[in-house]
Amino acid sequence: MCTGRVDIGFVLRAFQKGADGVFIGGCWPGECHYVTEGNYDVLKNAHIAKKILETLGINPNRLRLEWISASEGMRYAEVMNDFGRVLKELGPLGKGEGIDPSALAIRLEAANRLVPYVKLVERERLRQRFKTEEEYAEFFASDELKRIFEDLVVDKLAVSQMTLLLRDNPLTSAEIAKALDLEPADVSRHLKDSSRKGLVRYDEGEKRYALAI
Amino acid sequence: MNSAERNIGDVLIVGGGISGIQAALDLANSGFRVFLVDKSPALGGKMSQLDKTFPTNDCSMCIESPKFIECSRNPNIEIITYTEVDRVEGEAGDFKVTLTKKPRYISEEKCTGCNICVDYCPVKIKDPFNQELSENKAVHIYFSQAVPLVTYVDPETCLYLKEGKCQICVGACKTNAIDLHQKPETFQIEVGAILLSPGYSTFDPKLRGDFGYGRMQNVVTSLDFERILCATGPYEGEVLRPSDGKHPHKIAWIQCVGSRQVTPGGNNYCSAVCCAYSQKQVILAKDHSPTMQATIFHNDVRAYGKDFERFHQRAEKLSDVRFIRSYVTVGKEIESSKNVTIRYSTVDHGVKEEEFDMVVLSVGLNPPKDVEVLAAKFGIELTDQKFCKNNPYNPIETSRKGIFVSGAFQGPLDIPESVVTASGADALVGQLLSTRRHKLERERVYPVEKDVSQEELKIGVVVCYCGANIGRVVNIPEVIEYAATLPNVSWAGENLFACSTENAKQISDAIVAKGLNRVVLAACTPRTHEPLFRDTCREAGLNQYFFEFANIREHCSWVHSREKENATAKAKEIVRMSVARAAHLEPLQEFQLPVDHTALVVGGGVAGMTASLNMAEQGFEVYLVEKDDDLGGMARRLHYTIDGTEVQPYLADLVKKVYRHPGIHVWTDAIIEDVSGYVGNFTTRVTSQGRVREVKHGVSVLATGAAEYKPTEYLYGESENVLTQLELEEKIVAGDEKVVAAKSIVMIQCVGCRQADRNYCSRICCNQAIKNALKLKKINPEVEIQIIFRDMRTYGLKEVYYREAAERDVKFIRYEPEGKPLVEAAGAGFKVTVPDPVLGQMMELEADLVVLAAAVIPSEASQEAGKLFKVSNNPDGFFQEAHVKLRPVDFSADGVFLCGTAHYPKHLTETISQALGAAGRAVGILSKETVTASGSVCDVDESSCVACGACITACKYGAISFVDTPKGKKAHVEPILCKGDGLCNAKCPTRAIYLKHYTDDAIYAQIDAALPPSRA
């Protein structure tokens, strides 16, 4: 099994279950034991996962990917000690970010439900393969990536959270914005869009939005 | 099988230590039937008595004992213990050997190793395995992981055998296994070849009586101290002193006890392993008691092996550790405290006498006991030092054809060298007996696998103490109690050493008795032990993929040894995760993949040629690729060895044999373009002399060599009278006037290594300097030669040449790294200034020639080969073997092997040994029709597959394609091509493709178990 086997879903699941940090250790680029160079796949997945965490308001440094070969026991100890220090500084998941537990739960669940879709986005739009770590970092910091991510993922994440929230009881647009810490204008846009697609409906009696089904 | 058949085999191995064991396994795995004979009651040799092994501090028994079990389970190895050879008749290919089995007074067939007789036996004796530091009984098992796990009776102390009294044990034994009337049993076997691996004995300091051993209770030998350190030792892993059982706070180690001596009773050679093992003992003793003060009285520190330099630094940097360069004498034992005084002298303080709580004598390695009798029986010659006399061009060959030698009977060797020579012996036997291969081979038979698909989950959890490795830190009973409460766990129990035969059998018995259908073992690492326990499951009729390892040693007790409570909590969490995962395990079947019986060897130096020639002689086709336009490599620059053997005629002969061998295809001017495939089925594209060619091969041997450092120091390159040792050698042979007529020569050692950027010793340079100095002295006895050195590392039997050089008036001046010599041009020659450590002032030397011991550095070809073959290099740039001790010529990548200086600098004979070792290991694969591939491969749930093709583009092995099904196009995995990396799983949007054994469900279960709700 290769680090490239690490699914974005695994990372999100760990955070969902309350992990304050997730560490992925892989072989050094160029030292893949398979012919696949799967460590570049995990590198990309880690970048995507960090982007998602950022969008959710979670500090992306809670996810750490490091290259450590089997002969580098000392380095492993150093890296883990350092990661432990970083996490202690960040504080417990959610608390450190100032997100309340129920909102955090909704955000992570929303992201988790989106994993299959994110994989499609990766396949259709992010299949670029670079030679160096720097190129990956550069690409994931680029405007192009930002645009792709905003167009394809950010809104989906918001809608996913909204539907999860409305599962319990109907809410007004303002209540949704408050609960999810989103801009009211964005919430209205998503509600209008989702109504048009038949995902949510406006309950005239309650004066609130509810799930369509 | 009748008894005549039983007594016919291919190879007899005499000596069941690590070298004999490795040879037995290699030979049995390459199609030969082996008798493995040892005179002691169990396999294991000296390695089984060691606590840990340098430089990785792996637990010695933990890495050796799985091999005992492997031997005992191999149908082609017959283990015969407590047995000695009487005589050998016949010749290579047809030996008749007469052996006598000493009476154990126990029936090996009936004894179950239950130890009840031991409990009843009234006679206490000193335990030989524990160096007589603790007690055992007159009937006992040699040690707890012994193979065979049966008792034996000591005839010297047994009351019945001595005086005809007692016999309590006979009544106590439930299986009637005790037979106090047993007689020696003499029998004959027929074999084609014999391997001698009788090991060594340790120097006995009692004989000469110096150092107080035997008179002063707190003076122990280093082997005694190994037992004291060990969890299964006399004090159960607590470091205590023999006189009063108290913790010693101040321990001294005395180096070179019995070694490097000219006084009668001592050995004139260096024992090669003591520097490193003492450093290890210091590190371990400090680990047991961090405030302990350690003092090592030493001569040269010989950290000449791979990673030894760093290991020495590690010991030196610990607090309260002093390395003192001084000869010592043991003073007196202090009556009241039983402390011991040591007199020593240093440059700064003169003579001092200091008191220590305990003194460890770093005793050297002697030839095996009764070596002359042994030599006479086998008709082989010995050296002056009573080691086995071997062929100078092939250290594994003895003076008698068909009889080979491996391990420390060659001379002092460490464990990896003993293993390498064992694999090398396999290669030579394979060459001698190639026509007999597979003729006597037998298959292993397992019980029929039980179908458990209809059963409910019954998970068994076994928690291992690993002696004290885990048990000292983790509270095992607490972990067991906890494990029993976990979902689906139907039984939880403990093991002292899960890897001992008895306990492994307990596990397989428990599987049957308790009806277990999943097994979780909380112990050590799957890297070394998973195959053993998967096999244990198979023995019990359970599919081997129902086994799950929870590593609570490397991942827990070893790294949290100071936080026992937290470590116990973590061990529980690790077990909980494994149990959760075990619930999702499915039975899997493995695949047999065909093997291409062709080898590719990269590098046409002595290593590559030796490996090629051996494999070809064993009957396999070999492609040898060399980047230069001719074969020979670095050896072209070598002309004579320190032992006086000529290199060039040997090399010319080797090159000729390689070129002429019909089974070897030599491609020169070759560049490897691309390597693909896997063990048994590689495809490599090579451009040679402008042509691109492709070769299919089953194994690869990388022998890409090393290079000589080009010095930038000491005026090298500025003056043509500053040479490297290799350049000097060439000029000596050419009769260069400047060299042979030089009146004074200064040699400087350690140029370009043993420094921050190259933190290793180049191993060969001290011998090279001595070799050339002796040659120059022979040409002109008047020439003045001064060797400026840091530590003279003429390890092993080479020590005698160091002494010879001193006798011939070669001068040795030691320098410290902070006081490097200064070389300046002066007239036609040089002025060399160096601080004199003894006199404390600057010395000025005149020299016509300055010769530099330039470091051996990794070759560029090794870096390139590393990338192409997906194998790693160590921090110094040399190849990284799979396991430093026990897999010294394997890479972690299956089917790829290494040898020669690409692994680490080494001498010509060492290179030849290692090349044969690599050939032996490679033939282990080449000689098989198939290799077994893991059952952990991908498969597709067609109903979930949406035919998006994400998996197909992710797979670099081309294992996935679309197939038409009644429900449309679906992804399909060709299991033989799948390597189980699982990349496709992370790409599939519908979780349709899944990696068996590592499914999403299993991994999610593990994540969830790691983070239970109470934590969130």
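Among contacts in chain A between residues at least 6 apart in sequence, 65% join residues at least 24 apart. The model is a predicted one. Chain A has 213 residues, of which 34% are buried, and 28 of its residues are in contact with 28 residues of chain B. The largest nonpolar core has 300 residues.

**Chain A as a whole**

- Chain A contains 9 helices and 4 strands.
- Read from the N terminus, the elements of chain A follow the order α-β-α-β-α-α-α-α-α-α-α-β-β.
- The C-alpha trace of chain A spans about 65 × 35 × 30 Å along its principal axes.

**Side of chain A that touches chain B**

- The contact between the chains involves 28 residues of chain A and 28 residues of chain B.
- Helix H1 (8–16), H2 and helix H5 (115–125) of chain A each contribute at least two residues to the side that touches chain B.
- The most is given by H5(A), with 4 residues.
- By class, this side of chain A has 11 nonpolar, 9 polar and 8 charged residues.

**Nonpolar cores**

- Within the largest nonpolar core, of 300 residues, Ala522(B) and Val850(B) have the most contacts.
- Helix H24 (residues 908–926) of chain B supplies the largest share of this core, 10 residues.
- Apart from this core lies another, of 73 residues, which includes Val6(A), Val118(A), Ile176(A) and Val187(A).
- Beyond its neighbours within four places in sequence, Ala522(B) is in contact with Val461(B), Val463(B), Cys464(B) and Val479(B), and also with Ala550(B), Ile552(B), Ala571(B), Ile574(B) and Val575(B).

**Helix pair H7 and H8 of chain A**

- Helix H7 (residues 143–166) and helix H8 (residues 173–180) of chain A pack at an angle of about 110 degrees, and their axes are 11 Å apart.
- Because of that angle, H7(A) is roughly perpendicular to H8(A).
- H7(A) and H8(A) cross in a right-handed sense.
- On the H7(A) side the contact is made by Gln161(A), Met162(A) and Leu165(A), and on the H8(A) side by Ile176(A), Ala179(A) and Leu180(A).
- The contact of H7(A) with H8(A) consists of 5 nonpolar residues and 1 polar residue, with no charged ones.

**Helix pair H7 and H8 of chain B**

- In chain B, helix H7 (residues 222–229) packs with helix H8 (residues 274–288) at an angle of about 30 degrees, with the axes 11 Å apart.
- The angle therefore makes H7(B) roughly parallel to H8(B).
- The crossing of H7(B) with H8(B) is left-handed.
- H7(B) takes part through Ser222(B), Phe225(B) and Leu229(B), and H8(B) through Cys274(B), Tyr277(B), Ser278(B), Gln281(B), Leu284(B) and Ala285(B).
- The residues in the contact of H7(B) with H8(B) are 6 nonpolar, 3 polar and no charged.

**Two arginines in loops**

- Arg62(A) sits in the loop between helix H2 (38–55) and strand S2 (63–67) of chain A.
- Arg62(A) counts as buried because it has 23 C-beta neighbours inside 10 Å.
- Although 42 residues separate Arg62(A) from Asp20(A) along the chain, their C-alpha atoms are 6.7 Å apart.
- Arg215(B) is in the loop between strand S14 (201–202) and strand S15 (219–221) of chain B.
- Arg215(B) has 11 C-beta neighbours inside 10 Å, so Arg215(B) counts as exposed.
- From Arg215(B) to Asn74(B), 141 residues away in sequence, the C-alpha to C-alpha distance is 46 Å.

**Backbone details**

- Phe54(B) and Pro55(B) are joined by a cis peptide bond with omega about -10 degrees, and Pro55(B) lies in the loop between strand S3 (52–53) and strand S4 (58–59) of chain B.
- A cis peptide bond also links Val147(B) to Pro148(B), with omega about 0 degrees; Pro148(B) is in the loop between strand S10 (139–140) and strand S11 (152–153) of chain B.
- Lys207(A), a residue other than glycine, has a positive phi near 60 degrees.
- Lys207(A) lies in the loop between strand S3 (200–203) and strand S4 (208–211) of chain A, and is exposed, with 9 other C-beta atoms within 10 Å.
- Arg991(B), also not a glycine, has a positive phi near 55 degrees.
- Arg991(B) is located in the loop between helix H26 (983–987) and strand S52 (993–995) of chain B, and its 18 C-beta neighbours inside 10 Å make Arg991(B) partly exposed.

Note on methods:
Residues are numbered from 1 along each chain as its sequence is written. Chains are lettered from A and ligands numbered from 1 in the order in which they are written. This is a predicted model: local features need pLDDT of at least 70, side-chain atom pairs count only at pLDDT 80 or more; totals for chains, interfaces and linings use all residues. A nonpolar core is a set of buried Ala, Val, Leu, Ile, Met, Phe, Trp, Tyr and Cys residues joined through C-beta atoms within 7 Å. A residue is buried if 20 or more other C-beta atoms lie within 10 Å of its own, exposed if 12 or fewer, and partly exposed in between; C-beta atoms are placed from the backbone. Two residues are in contact if their C-beta atoms, placed from the backbone, lie within 7 Å. Axes are lines fitted to C-alpha atoms, for helices over the stretch in contact, and angles run from 0 to 180 degrees between N-to-C directions. Angles under 35 degrees count as roughly parallel, over 145 as roughly antiparallel, 65 to 115 as roughly perpendicular and the rest as oblique. A crossing is left-handed if the near helix is turned anticlockwise from the far one by less than a right angle, and right-handed if clockwise. Ala, Val, Leu, Ile, Met, Phe, Trp, Tyr, Cys and Pro count as nonpolar, Asp, Glu, Lys and Arg as charged, and the others, Gly among them, as polar.
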